[in-house]
Amino acid sequence: MATYKDSGVNIEEGYKSVKLMKEYSSSTFIPGVLNGLGSFAGMFELGKYKNPVLVSGTDGVGTKLKVAFHAKKYDTVGIDCVAMCVNDILCHGAKPIFFLDYLACGKLESEVAADLVKGVSDGCKQSGCALIGGETAEMPGFYKDGEYDMAGFAVGVIDKEDIIDGSSIQDGDKLIGIASSGVHSNGYSLVRKLITDLDADFNGKTFAEELLTPTKIYVKPVLELLRNFHIKGMAHITGGGFFENIPRMFKGDFTSVIDKNSYPVPEIFKHMISLGVPEIEMYNTYNMGIGFVLCVAPQDVGRILNKLSELGEKAYLIGAVERGEKKVCLK
């Protein structure tokens, strides 16, 4: 007699992982959550909005997971998964309200799965949203044992009249960059090709430790700015680096002129350049130390920079907007 377990799927291990995950997900619940893990679908009550618009985003962690497998450290990549989604929906001014995750593997180890979801719950708490559901798929023969894939889906809400769409941006506006926490979660296929010894020393820690630094979540400081200032446009610097992402905040045709010397470039990026990656390629792939960009009126720059400093953020005036072709110029 054949059983599901004989095919490589351990239902009991799945039950155990769900039990462990529930503890983490419940710690993220915020007002509006109507049910917890275990239901067929998560429910969230929007509350009082005049004309609510739901803003959604989905993303994964990519091959950064390979670094986590190597280091056997699984509790930070979940933060990356949340960050990649919530930072995107934040670009339109939306407040993230809930998150769902998807975890797939060849052979489920409940403790590893729970560690991954612990990271997701940490990311949700950092962004003020609730983890209200997800899926764990055990797929023997499809994934190697000991390897996992992770993706997520976030939903935010904003009143329609408050949506930030770049329509008020004009010639002469300024660009403020908020510092990243490192490489974040893009370009790891190139990183792993360049840095083959993840256990080697890098500034007092291993490369693996450096590369597993979680993606910074910008939700709380940026929402605080939105309560106090008129932010005209925002960009999350992910895959495609400066060149692809900064122009995405513009409705009209504008050129972003970026001063490369206006902020410090993290050592990990300088190291990659020393290994042979052209600087222009780096700005076309990585955040280069700036994870989030704001477009603001010139007269607001000083106050916004002061507010970000008060909030514990490192931020810099990195450039300006000029009427012209929709592109980025580095100087």
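Author: UniProt, in an unreviewed entry, places the feature "domain: PurM-like C-terminal" at residues 170–326; UniProt positions are given in the numbering used here, feature names are shortened, and annotations may be inferred rather than shown by experiment. Residues are numbered from 1 along each chain as its sequence is written. The model is predicted: local features need pLDDT of at least 70, side-chain atom pairs count only at pLDDT 80 or more, and totals for chains, interfaces and linings use all residues, while side-chain values use heavy atoms, leaving out hydrogens and water.

The span 170–326 is 32% helix and 22% strand, and its end C-alpha atoms lie 13 Å apart. Helices (H or I, at least four residues) and strands (E, at least two) are DSSP runs, numbered from the N terminus.

An open sheet of 6 strands runs in the order β8-β10-β5-β11-β9-β12, with mixed pairing; two strands pair if DSSP finds at least two bridges between them. Its edge strands, β8 (233–236) and β12 (327–330), each pair on one side only. From one strand to the next, the twist averages 25°. Strands β9 (residues 254–258) and β11 (residues 315–323) run antiparallel, joined by 5 bridges, and Ile-258 stands opposite Gly-319 in β11.

His-184 lies in the loop between β5 and α5 (188–194). Its phi is positive, about 65°, although His-184 is not a glycine. Most residues other than glycine have a negative phi. His-184 has a relative accessible area of 1%, so it is buried (under 20% relative accessible area; exposed is over 50%, partly exposed in between; 1.4 Å probe, protein chains only).

Terms used:
Axes are lines fitted to C-alpha atoms, for helices over the stretch in contact, and angles run from 0 to 180 degrees between N-to-C directions.
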